[in-house]
Amino acid sequence: MKPTKQQPKKRTFLDLLTIEKDRYLRKGFFWQSVNVVLGYSEVTFIIWFGSFIWPKVLEFLGQNNVEEWQFSVFFSWVYNASVFAICNVVFMVIYKLEHPFFEQYKVQKDEKWPWIQDPKAWRELLSKTLQLVLFNNLVIVPFILYLGVLLSGGQSTHSFATQDLPTAWTFLWQYCFCLIIEDAVFTFTHSMLHKPYLYKRVHKIHHTYTQAIGLSAEYAHPLEFVLGNMLPLGIPCMILGKRMHFYTFIAIGTLRIIGTTLGHSGYDFPFEPSELLPFRATSAYHDYHHAGNINGNLGGGTVLVDFIFGFNEHYYDHLDKIYGSKKEDRKTQ
Ligand SMILES: [Zn+2]
Ligand SMILES: [Zn+2]
């Protein structure tokens with residue numbers, strides 16, 4: 001359903017709590033249980049893998065005389081690009097399959113995928129998308145990572161010490177800290193990108209996709225890629241500095257790349273453990289922004305900053321239209 005231009009309804013914090021309660025209930029007990037198991041396994045694996053791999057990494061660096069900053073720039077660069085590539089290969093397979101299991105979670109059900117709507121226009125857009133995504137990953141990412149090292153005085157920004165590896169608790173609070181700060185920075189930079197001057201020259205490229213797909217997550221003008229993709233996560237990580245282990249930085253970065261690819265996938269899957277967190281934005285949330293609600297839903301990770309500034313009122317009206325009517329249907333049955 002396309003966004004409407006009607007004056008939206010104002011909502012209080014109590015309304016937001018009801019919206020959150022409905023979001024949890026909509027997933028249902030089965031998927032929430034799956035998310036609890038997935039989330040628990042994810043964190044347990046991350047902590048275990050860190051203690052397993054990290055001594056080997058330090059041994060490798062020592063044997064090959066690789067400095068921490070060199071490893072942090074090179075590894076972050078290659079690893080992040082690889083995670084994004086793998087995520088998108090997985091999504092390409094899912095798109096190709098068109099299996100009813102996945103298609104039932106398609107956000108814009110009344111719109112066909114862009115490659116079905118107009119195959120010729122899609123091939124042109126795909127070529128442009130790949131060129132820009134490659135430029136951002138091959139040129140912009142290493143440049144910004146190197147700049148981060150220079151700002152940290154030629155050292156790695158994060159700790160490399162084995163004793164600083166995260167516990168589950170450290171990992172979780174640093175994940176939540178990054179999510180909140182990232183969301184605040186992203187909402188701010190994203191709202192700047194929607195000012196007419198920057199929108200026309202910069203952000204319009206990202207909005208070529210009125211129905212987001214995985215690859216579109218990084219289809220952005222290089223300036224936007226820095227302001228909207230790298231800076232929002234970079235700032236909380238810089239604030240944490242040596243309190244954050246480099247391994248934690250990589251793990252959170254991985255989840256962030258998976259999250260942004262999912263957020264742009266065009267699907268709103270019920271199996272996303274981070275959506276157990278309160279006020280977490282779903283894939284449908286950002287998809288609504290792409291669908292035409294371009295001055296709303298400016299947030300990334302959470303709905304909080306949008307709620308404070310009233311940026312998501314249209315979206316909540318939209319949810320009322322879809323799910324409110326279903327609630328009424330159930331009452332009258
Ligand atoms: Zn987007
Ligand atoms: Zn936008």
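Which residues of α5 are buried? In this predicted model, the buried positions of α5 are Val133, Asn136, Val141, Ile144 and Leu145. The elements that cover these buried residues include α2 (68-97) and α8 (222-240).

The geometry of α5 was examined along its length. Helix α5 comprises 33 residues (residues 119-151), and at 1.5 Å a residue it should therefore span 48 Å; the C-alpha atoms at its ends are 46 Å apart, in agreement with that expectation. Just after α5, glycine 153 adopts a positive phi of about 75°.

Nonpolar packing was considered next. In soluble globular proteins, nonpolar side chains tend to be buried together. The largest nonpolar core of the model contains 17 residues, of which Tyr175, Cys178, Cys237, Phe249 and Ile252 touch the most other members. At least two residues of this core are supplied by each of α1 (13-63), α6 (168-193), α8 and α9 (246-263). Helix α9 provides the largest share, with 5 residues. When residues up to four places away in sequence are left out of account, isoleucine 252 touches Gln174, Tyr175 and Cys178. Another core, of 10 residues, lies apart from the largest one; among its members are Val107, Ala284, Tyr288 and Tyr315.

Key: Residues numbered from 1 in each chain as written. Chains lettered and ligands numbered in written order. Predicted model: local features only at pLDDT ≥ 70, side-chain atom pairs only at ≥ 80, totals over all residues. Helix = DSSP H or I, 4+ residues; strand = E, 2+ residues; numbered from the N terminus. Expected span 1.5 Å × (residues − 1). Buried ≥ 20, exposed ≤ 12 C-beta atoms within 10 Å, placed from the backbone. Contact = placed C-beta atoms within 7 Å. Core = buried A, V, L, I, M, F, W, Y, C linked by C-beta atoms within 7 Å.
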